[in-house]
Amino acid sequence: MGLSSPLLEKISGACRLSDCCQYNQRNDVLYHLALGTSTHDLPAMFGDVKFVCVGGSSRRMKAFARFMAAELGLPDAEADPPNICAGTDRYAMYKAGPVLSVSHGIGVPSICVVLHELLKLLHHARCTDVTVIRIGTSGGIGLEPGTVVVTQQAVDGAFQPRFEQMILGRPVVRGTELDGGLVAELLLCGRELSQFETVAGNTMCTMDFYEGQARLDGAFCCFSERDKQEYLARAYEAGVRNIEMEALVLAAMCKLGGLQAAVVCVTLLDRLQGDQLSGSHELLESFQQRPQRLVGLFIRKRLQASGSV
């Protein structure tokens, strides 16, 4: 799948991504990435990109770019990669061969902004057959901390596979299905690594870190521990195995753009056991490297299969 003829839903009718990108085509400014069609040669800079990996932290995505440079045997793999988006402090972007590593901040609004501009960037750079993967952290439900969850389906707080957004004052609902074949590939990579538990499950995406995720430790809380446990039990019965704040919009936008997409997150705690992290800094840091290692193996195997490495 690629960007060749994606259809985007509209409140009525339909429009192509390419039509949307015609707006001010001579100078399409990707404001939050500090890039533009009149200021940068986007095909020369990004035309070889086959994988876009996104995660919340700029520090983590810089580390992932260095990891991928070493995995792919690129020159100067030990050197600090330059931040391509150094002209802005909104997001950070690093490149390791055909792998783009981009920070997305926290929550649906933040990742939505950067995904719009990344989709336009891929279009202007004339990229094809691109796979998008979110690598991040999450709270688990009924899982040992450190377990990596490959998302089968992104669901909302009512456990429904839908992303609802207000457009022109009206609610627009989009599907959040992810590619089952890609899920299977990633699970196979997890088994091949055999360094940590890797499972498939639904990922609940919320609009808030505290009350929206049934936490009792926010500034406000209108429910009890019993209410929380009952809600998380219902989530588990619905197939939810982890909770985070970005999967819905990534799944919806990549589906609209015709891109293969996946979400791979490590669980930092079991929410059935508490709301706050109790592991040491060193342990949590080691957990955060697990999705990177799994996705790194997946990318290397994909490139080897295509004869690119």
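**Annotated binding-site residues and overall fold of a predicted model**

In an unreviewed UniProt entry, the feature "binding site" is placed at Arg-90, Arg-134, Ile-135, Gly-136 and Thr-137; UniProt positions follow the numbering used here, feature names are shortened, and annotations may be inferred rather than shown by experiment. From this set, Ile-135, Gly-136 and Thr-137 belong to the lining of the largest cavity. A cavity is a set of points on a 1 Å grid, over the protein atoms alone, where a 1.4 Å probe fits but cannot get out, and lining residues have an atom within 4 Å of a point. The model is predicted: local features need pLDDT of at least 70, side-chain atom pairs count only at pLDDT 80 or more, and totals for chains, interfaces and linings use all residues. Residues are numbered from 1 along each chain as its sequence is written, and side-chain values use heavy atoms, with hydrogens and water left out.

Arg-134 lies in strand E8, residues 131–140. Strands (E, at least two residues) and helices (H or I, at least four) are DSSP runs numbered from the N terminus. Arg-134 counts as buried because its relative accessibility is 3%; buried means under 20% relative accessible area, exposed over 50%, and partly exposed in between, with a 1.4 Å probe and protein chains only. The side chain of Arg-134 makes a polar contact with the side chain of Glu-246 at 3.1 Å. Such a contact is a pair of N or O atoms within 3.5 Å; within protein, one must be able to donate a hydrogen and the other to accept it, and residues adjacent in sequence count only if both atoms are side-chain atoms. Beyond four places in sequence, Arg-134 is in contact (heavy atoms within 4.5 Å) with residues including Val-54, His-104, Glu-244, Leu-250 and Cys-265.

Thr-137 is also found in strand E8. At 22% relative accessibility, Thr-137 counts as partly exposed. Not counting residues up to four places away in sequence, Thr-137 touches Arg-60, Glu-244, Cys-265, Val-266, Leu-268 and Gln-288.

Leu-250, one of the contacts of Arg-134, is among the buried residues of helix H7. H7 is followed by Gly-258, whose phi is positive, near 75°.

The protein has 8 helices and 14 strands. Buried residues make up 50% of its 309 residues. Along its principal axes the C-alpha trace spans about 55 × 50 × 35 Å. Among contacts between residues at least 6 apart in sequence, 75% join residues at least 24 apart.

Technical notes: On a 1 Å grid over the protein atoms alone, a cavity is a set of points where a 1.4 Å probe fits but cannot get out, and a pocket is an open set with protein on both sides within 12 Å along at least five of seven lines; lining residues have an atom within 4 Å of a point.
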